[in-house]
Amino acid sequence: FTAVVVYGVASRRAGRRAGLLLAAFTALNPAMFVDSAAWGQMDSVYTLLLVLCALLAADRKYVPSLLCFAFAMLTKPQALLFAPLGLFAVLVNAYRAKDRKRALRDFGLGVLAALAMLYAVAFMFCAGKAEGLIGTLVYPVRWLAELYGNTMGGYDYITVNALNLYELLNLNWHSTASAGGWTVFAWCMFALSYLYSFFLYWKSRNPKRLLLCGAVLMAMIFAFGPMIHERYVYPALALLILAYAVERDRRLLISAAVMSVTLAMNQVLVLQGGMQAASAAQYGHLQGSEQWLNAPLSLAGVLNALFLCWTGYDIICRERITPLAAQELDERVPGPADSPAPDYKLNLKRKDWVAMLVITGVYAVAAFLNLGTTAAPESGWTSTAAGESVVFDLGGTETFRMTYYGGICGTNFPVELSDD
């Protein structure tokens, strides 16, 4: 679906041929294939929602834009990383709007709609978990606050398997407390990334440049910020492709190609770390034995972030565009005078539509039936020393099935059963 959005934006800005090529670059991108098809992650879902949010915000359609953002937050809390830039963009747009009151009113309605969406979904998950009317109404708010607070603080490490500056410095999985001055530097760069993206958007007079500012922001945070996971830069790739469609600057396409390679390899290296028996001690992590590959990829990612940072400044502040080719500036969408009107229906008949719908329906049933659960373990036990154990007394002999969630852990432990 992100590829469809890319085609829609690019075909209007750069022509149908460019739209098809950029859509193919998105749909067949190795980084997106590894994340979704190979790993089974859902970054593409919240990325699509963030893309729609940015595009709608650029068109000043704040209610649907913020609803998309609320859905993105519900899909993956890391969507909150884009919230400060989005809020700044809305305030700038409102300040520059002819009717400021209307712009702020629309934004306020969007915020209310997004909060209502968040509350409604939380209420469904929290039903029956609190006593009394007041407790039932308040519990979803507390649950959301704890959920997002715990998620943001869940990885208190300078970097978590991300091929960035800190992997280059051999600080992967080092706690922020043990990283010393690098932690201070990372937080400073985190703040500067936001300030720089604010500066770029303020200098821009085109709301569509929110796409480019968002890509610059996420690339900088990924390369230099603290507590960054290997897939956090994923949305920046889609934003960068769309930014090229808007700006037509080949440097953005080069940056997107580099990011595709580094992100794809980052995911592959982490994924294979969890699939090889020999790496059980580093389950699901970047392997120290592959530093010869991790280091140059990390360096490429850092340099690409700086390159994108400069390119954004050159495009927005200096209004310098470097086209892909000289003839690209004269490209236009063929009209009736040039060629026959394209058949957008692809000559599909009713039976073709029926066949596609049936196949999609059958797959949807197989894929989504009994997928996930609304109930999951909420309390746990963690040992504090070797040799500790925990006992579950069932009160008698029972037939049961035991499942456990160990989190990110490579530790082995025995399970023993007894009748007495």
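Which accessibility class does F88 fall into, buried, partly exposed or exposed? In this predicted model, F88 has a relative accessibility of 23% and therefore counts as partly exposed, since buried would require a value under 20%.

A search of the whole structure returns 13 aromatic pairs. One of them joins F88 and F198 in a stacked arrangement, with 4.6 Å from centre to centre and 15 degrees between the planes. F198 has a relative accessibility of 18% and so counts as buried.

A second pair is found within helix α10, where F190 and Y194 are 4 residues apart, about one turn of the helix. Their ring centres are separated by 5.2 Å and their planes meet at 75 degrees, so this pair is edge-to-face. Both F190 and Y194 are buried. Ring pairs also tie F88, W187, F190, Y194 and F198 together into a cluster.

Arginine side chains meet tryptophan rings at two further sites. The charged end of R96 sits over the ring of W202, 4.9 Å from the ring centre. R231, in turn, lies over the face of W39, at 5.0 Å from the centre of that ring.

Finally, helix α14 (residues 291-316) contains L299. With 41% relative accessibility, L299 counts as partly exposed. The C-alpha atoms of L299 and T262 are 9.7 Å apart in space, while the two residues are 37 positions apart in sequence.

Methods. Residues are numbered from 1 along each chain as its sequence is written. This is a predicted model: local features need pLDDT of at least 70, side-chain atom pairs count only at pLDDT 80 or more; totals for chains, interfaces and linings use all residues. Side-chain values use heavy atoms; hydrogens and water are left out. Helices (H or I, at least four residues) and strands (E, at least two) are DSSP runs, numbered from the N terminus. Buried means under 20% relative accessible area, exposed over 50%, partly exposed in between (1.4 Å probe, protein chains only). Rings of Phe, Tyr and Trp (its six-membered ring) pair if their centres lie within 6.5 Å; planes under 30 degrees apart count as stacked, over 60 as edge-to-face and the rest as tilted. A charge sits over a ring if NZ of Lys or CZ of Arg is within 6 Å of the ring centre and within 35 degrees of the ring normal.
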